[in-house]
Amino acid sequence: MAKKTIADVELAGKTVLVRVDFNVPLDDSGKITDDRRIRMALPTIQKVLEGGGRVILMSHLGRPTGDAGDARFSLKPVAERLAQLLDEPVAFATDTVGPDAQAKVSAGNKIVLLENLRFNPEEKEGDAAFAAKLAAMADIYCNDAFGTCHRTDASMVAVPQAAAGKPRVVGFLVAREIQYLADAIARPERPFVAILGGAKVSDKINVIENLLGICDRILIGGAMAYTFSLARGGSVGESLVEPDKVDLANKLLATGGEKLVLPIDTHCGDAFRGDCNKRVVPAGEIPAGFQGLDIGPETARMYAELVGSAKTVVWNGPMGVFEMPPFDAGTRAVAEAIASSDAVSIIGGGDSAAAIEQFGLAEKVSHVSTGGGASLAMLEGKRFAAVELLDELV
Ligand code: AMP
């Protein structure tokens with residue numbers, strides 16, 4: 001999947017329509033509480049500007065329903081923040097394909113940010129006429145919205161379709177995500193170890209099935225380990241389990257054989273609180289009145305050793321309730337083992353990304369994915385229509 005990037009096209013005098021992911025968190029007063037997603041789009045935007053091109057940026061923000069003027073979902077604060085970060089004026093269009101957007105684009109502004117795509121129901125519907133209006137604004141289409149790549153909204157699929165015949169490329173952020181999540185996994189250096197945790201087996205079934213065909217070992221942690229424990233006839237006390245997924249866990253155990261590695265001990269507590277009464281017990285022996293809240297120290301040691309001998313590591317999902325010390329210990333041990341290994345290390349988005357940031361180790365791994373759902377879909381081996389239809393590097 002070697003896709004053409006924004007660095008592979010002639011930019012001088014061209015207008016580039018860039019689908020970005022500016023879906024940033026805002027507080028009640030409309031202030032941006034974390035501008036990482038804006039900062040991550042800067043390299044692609046700067047590349048266009050340095051190449052002598054102009055950019056039109058489009059994104060969704062939240063899930064507006066109804067009122068197109070609902071200020072809670074307006075991208076206006078993002079335009080202001082982007083202008084500060086770039087130290088350049090950003091023209092904000094108060095609509096997406098309407099008269100203000102057309103006027104701001106025709107006026108020759110170097111950077112235009114269109115209002116929230118999702119103020120138009122056509123965005124979710126993948127409407128071709130809406131997509132054609134967007135595509136007509138520019139000479140080049142660029143997808144740099146990794147967090148949305150698993151979706152088929154108009155801006156992701158219908159717009160590049162409508163731009164057929166013009167260059168259609170990926171931005172630097174999407175290129176990097178593909179490089180790690182698809183290419184490194186397709187041709188991994190071995191041993192290839194995956195670590196999967198989190199609350200539910202049901203969320204990760206497809207990832208486990210896909211990775212069982214690729215990895216040398218899959219280490220299981222988090223609450224989903226207790227559903228496997230149940231399948232093996234163990235006691236799980238009051239732990240979070242999915243009894244209706246026991247058959248499936250059995251099937252995965254049978255297919256996985258030695259590849260699937262389960263915890264050997266469990267750190268449990270008598271309440272879902274950091275200051276509860278605690279015990280470390282062998283896996284599958286959680287007493288009544290207790291719940292598993294983290295992998296135990298022996299498991300943490302074993303997992304760290306397995307990670308230490310790997311050449312490729314993929315991690316998705318915490319080993320325990322990492323938000324609530326001391327039950328962050330297992331997740332921390334795994335994160336530290338990954339950080340100190342020289343393997344190619346890929347951290348899935350969402351909670352594992354939050355954990356590695358929380359421990360201050362994000363700089364010590366090869367790649368921290370920016371997309372939760374999108375990175376999980378990639379680990380499931382899914383192909384994205386939004387990326388597939390873009391130009392291949394020839
Ligand atoms: P997920 O979204 O499936 O990756 O799950 C992440 C969440 O699972 C985090 O908020 C963790 O606190 C939670 N989690 C991990 N292990 C446990 C556990 N043993 N019991 C309850 N919740 C857990």
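Tutor: Start with pairing: two strands pair if DSSP finds at least two bridges between them. Strands (E, at least two residues) and helices (H or I, at least four) are DSSP runs, numbered from the N terminus. This is a predicted model, where local features need pLDDT of at least 70, side-chain atom pairs count only at pLDDT 80 or more, and totals for chains, interfaces and linings use all residues. Residues are numbered from 1 along each chain as its sequence is written, and side-chain values use heavy atoms, with hydrogens and water left out.

Student: Which six strands form an open sheet, and in what order?

Tutor: The order is S10-S8-S7-S15-S16-S17, with parallel pairing.

Student: What makes S10 and S17 edge strands?

Tutor: Strand S10 (260-261) and strand S17 (367-368) each have a single partner strand, so one side of each lacks a neighbour in the sheet.

Student: How do you know that S16 and S17 pair?

Tutor: Two bridges link strand S16 (residues 344-347) to S17, in the parallel sense. That meets the requirement of at least two. Ile346 stands opposite His367 in S17.

Student: Why are H8 and H9 called roughly perpendicular?

Tutor: Helix H8 (residues 201-212) and helix H9 (residues 224-231) pack at about 85°, their axes 9 Å apart. Axes are lines fitted to C-alpha atoms, for helices over the stretch in contact; angles run from 0 to 180 degrees between N-to-C directions. The class covers 65 to 115 degrees; under 35 is roughly parallel, over 145 roughly antiparallel, and the rest oblique. H8 and H9 are therefore roughly perpendicular to each other.

Student: Which residues make that contact?

Tutor: Val201, Lys204 and Ile208 of H8 meet Met224, Thr227 and Phe228 of H9. Contact means heavy atoms within 4.5 Å.

Student: What makes one face of H10 the buried one?

Tutor: Buried means under 20% relative accessible area, exposed over 50%, and partly exposed in between (1.4 Å probe, protein chains only). In helix H10 (residues 246-256), Val246, Leu248, Ala249, Leu252, Leu253 and Gly256 are buried. Seen down the axis of H10, these residues fall within an arc of 155°, so they line one face. The arc is taken from the directions from the helix axis to the C-beta atoms.

Student: What lies on the other side of H10, and what does the buried face pack against?

Tutor: Asp247, Ala254 and Thr255 are exposed on the other side. The buried residues pack against H8, H9 and S10. Just after H10, Gly257 takes a positive phi of about 50°.
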